[in-house]
Amino acid sequence: MSNSATLKMDAAAEHSLLDDGVQGLIGQPLDRVDGPKKVAGKAPYSAEYAFDNLAYGVLVGAPFARGRITAIDDTAAMSLPGVLAIVSDPDKFLRNSGQGGQNEAPVQNAHEVFYMHQPVALAVAETFEQARAAAAAVVVRGEPIDGEYDFEARLDTADTPDDGVIPPATSQGDIDQAMVDAAVTVDGIWTTPGQNSAAMEPHVSTAIWDDDGLTLYGAYQMVASDRMQLADALGLDPEQVRIVSAYVGGGFGSKLGISSEAVASAIAAKQLGRPVKTVMTRQQVFDATIRRSNTRQRIRLGADENGVLHAIGHESLSSNLPDEDFFEPAGIATHFLYRGEHRRITHGIVRMNRMLSGSMRAPGEAVGLLALECAMDELAEKLGLDPVELRKRNIPDIDPEKQIPYSARKQVECLEEGAKRFGWDRRNRTPGAMREGEWLIGHGVAAAARTNQLMQSEAVARLTPEGRLVVETDMTDIGTGTYTVLMQIAGEMLGLPADRVDVHLGDSRFPPAAGSGGSWGAGSSGSSVYLACRKLREQLAEKLDCDPAKLTLKDGEAIADNRRVAITDLIGDGLEAHGRIEPGKTSESHTQSGYGAHFCEVRVNAVTGEVRVARWTAVYAAGRILNEKTARSQCYGGIIFGIGAALTEALVHDPRDGRIVNHDLAEYHVPVHADIPQLDVVLLPERDPYANPLQAKGIGELGIAGAGAAVANAVYNATGVRVRDYPLTLDKLLSGLPPV
Amino acid sequence: MQFTINGTVHEADIDVRTSLLDLLREHLGLTGSKKGCDHGQCGACTVLVNGRRINSCLTLAVMHQDDEITTIEGIGTPDELAPLQAAFVKHDGFQCGYCTPGQICSATGMLDEVKKGWPSHVSEALDGQVDLTDTEISERMSGNLCRCSAYPNIVAAIREAAGLAPVEHEVVGEDA
Ligand code: FES
Ligand code: FES
């Protein structure tokens, strides 16, 4: 009997073995299995492995934004104590970080500089302090030339990206005519600034070579493809490269592809014959990894008197470096969220000399819904309709573009349950009409949607003679709860309690997984574990000579046909199975998404314009919830990211050279404790058989989708001021506030 | 040079430029304290010096040769978690876990400040006993960033460790 199981999702998975399990693990709000280690400071992140003879690297950035490097003068640096080398290998050094999921090297060639502080050398010394001083003493010489730094001035130079996974432009019907014919319209421009993922762990790589090749301990989200990128960048066979990312201190998209410290550390470690560790400074994370692009989005909505949409347009521009094909897919949810037979969704890229833009938590929805869901609020007001009702009236029967059905979709239930819990019916619809002392009070709603995706993923599961279950996959846990949910899936499938399941992740020696990105991690890697465990169940059934469908596994015992035996009696010398999931026809036959609704109360100070989020209810449906505790935490995280996007977060670029002026955590304002009240999050029961055999959809990005729009709509309700330029800082509100 | 950390005396030969954080992480193998910014902007490096919380990236190690330093490793171990650590696990007061040792050290110091009656920006009065509301906890913990944004759960964990009633969500719908 083959010991591997592959499933291509060509048909709905109507029955999930998780529902037959009696171990009682799946869905439970269990504590994280890695929790005790993390709270005790004992989980090793990538900068925390000890090596003899470790040398420290500090990156050196270019002192100009565009031009050619002519010399890297290391004279002063090399004269400092402890300095080992100033490493620069401009053919191999990365110019740009990698994008997620790509198997080729990111753009190399550091002879040319394309953005301010682009890494061009690595100072290596015996200690961190020595390396830092050396990096500061390196003199980078070059021939600066003019670059492109003004987004607004270059709008008409935007190019349409090539067709890729996400089509950059779609159109149907005649939106221009439909807008003319519509009874009520909204036509406006929304702008969102650049953002930084700002994961608390800076980007880091520790490189060490031996006879087999390179091992890199790196903070990365997608080990399998990152290994391919790194091998290609260094001119190695993938077999010669191992990446270990056992614990990752947050990613949010910024660690999807490799970044410059990985290649620089590897080259330096080879050159010096000793391990080299390079941790980016916080400023370098802002300057030289990846950002979410700024966007300019035109939304057009055209409805009849009943509020039914006939026209919907979402035309957006974002910025990126020349030759990079990533664009911020701001219209991604607009394709399927609402009705309208006349539609146009387009994306363009304005080429600029700003650091690479790429994926940050919910690329597309996170900023797209900041525009679309505020436009819906404006439309509701023009129609005199409740905004919840407007959304309900515009939920399509089938996907309005692809003309295919939706998979599980609780869009209405989320809106209704949220409205009920929040007390939406008691909202005062007149802007600026609710006040307590100097605080204006407002309520806002917005929908959430995040496309669900399945990616190829593999895992191996092994039953040991002692009756333990070991799961291995190169999947990562970046705070998402992967260690825990994979344990739950495996334990449920094989009837083993949590303490008899060991999950090993984040090592490219394990089978290649989908990685953590796009909210596909749990569904994809979980399915591969499910399949491997299903195979083990079959093997156990064979040993027991029973039908696998009749086999019940619980607490280490196999029960079938009135027999009950310890699984250790069946395992023998050990059993092993390999599982692999692949996307298939269900990705094309059904539009799949998680859905939700945000309800928010803000208080706006009538004197200062300060906005405080006072209360929040969010209701989501995303298929089976694998672990209610960790899923809820993901939702909190998404909402709070959304609050940051609405109120405080913005990369500020110097108009003279594109540099990020606020490149640290004091000047780039992520939400802090005092910004956030307790949040009420509800997860509706749902199963989505089209998603994967777990019937679960992604939830890591759903929370951010629409969250900031709920804030903006609440601010309008509180103050009567519509701001279409994020974030809603107080300077944009002050002049419109009602008299104190 | 000698340093007393978690009750144990450690010897280290370090650069005068070495921060207390880098002493811990790079010289003594105490990597529980994290570096998120190296500039006193995130709180990931919070440790206790003579019982008071401090950003260990913002202070030089050589200044602390006569101090009692407590890091997350001295607060509890995976097998014997301190009440705050256990409450963080129970309430899922973290996701990636990178800010977590700093949050826990900070909360340890913060609860002691509250016990001593130190007021904060949001306190009703400058003296007397502090009423440890959620607003007080959030205000006092705002030097510790969590980009995973576990804030609601961190507050819940601190409430439990401080012996306060669990968080209740305000629900104003029909069945409230
Ligand atoms: S590392 Fe010390 S405050 Fe950020
Ligand atoms: S748990 Fe990830 S930053 Fe706080």
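On a 1 Å grid over the protein atoms alone, a cavity is a set of points where a 1.4 Å probe fits but cannot get out, and its lining residues have an atom within 4 Å of a point. Grid points are joined across faces, edges and corners, and a volume is the space filled by probe spheres set on the points. By that rule, there are two cavities of 30 Å³ or more here.

This is a predicted model, where local features need pLDDT of at least 70, side-chain atom pairs count only at pLDDT 80 or more, and totals for chains, interfaces and linings use all residues. Residues are numbered from 1 along each chain as its sequence is written, chains are lettered from A in the order in which they are written, and side-chain values use heavy atoms, with hydrogens and water left out.

**Confidence**
- The complex gets an ipTM of 0.97 and a pTM of 0.97 from the predictor.

**Second largest cavity**
- This one holds about 50 Å³ of space.
- Its lining includes Tyr115(A), Asp287(A), Arg354(A) and Ile660(A).
- By class, that lining has four nonpolar, two polar and three charged residues; Ala, Val, Leu, Ile, Met, Phe, Trp, Tyr, Cys and Pro count as nonpolar, Asp, Glu, Lys and Arg as charged, and the others, Gly among them, as polar.

**Largest cavity**
- About 60 Å³ of space sits in the largest cavity, with Trp190(A), Cys374(A) and Arg722(A) among the residues that line it.
- Helices H8 (365-383) and H16 (707-719) of chain A each supply at least two lining residues; helices (H or I, at least four residues) and strands (E, at least two) are DSSP runs, numbered from the N terminus.
- H16(A) gives the most, with four residues.
- The lining splits into eight nonpolar, one polar and three charged residues.

**Helix H5 of chain A**
- H5 (residues 223-234) has twelve residues and reaches 16 Å from its first C-alpha to its last, close to the 16 Å expected at 1.5 Å a residue (1.5 Å times one less than its number of residues).
- Gly235(A), with a positive phi near 70 degrees, follows H5(A).

How values were computed: On a 1 Å grid over the protein atoms alone, a cavity is a set of points where a 1.4 Å probe fits but cannot get out, and a pocket is an open set with protein on both sides within 12 Å along at least five of seven lines; lining residues have an atom within 4 Å of a point.
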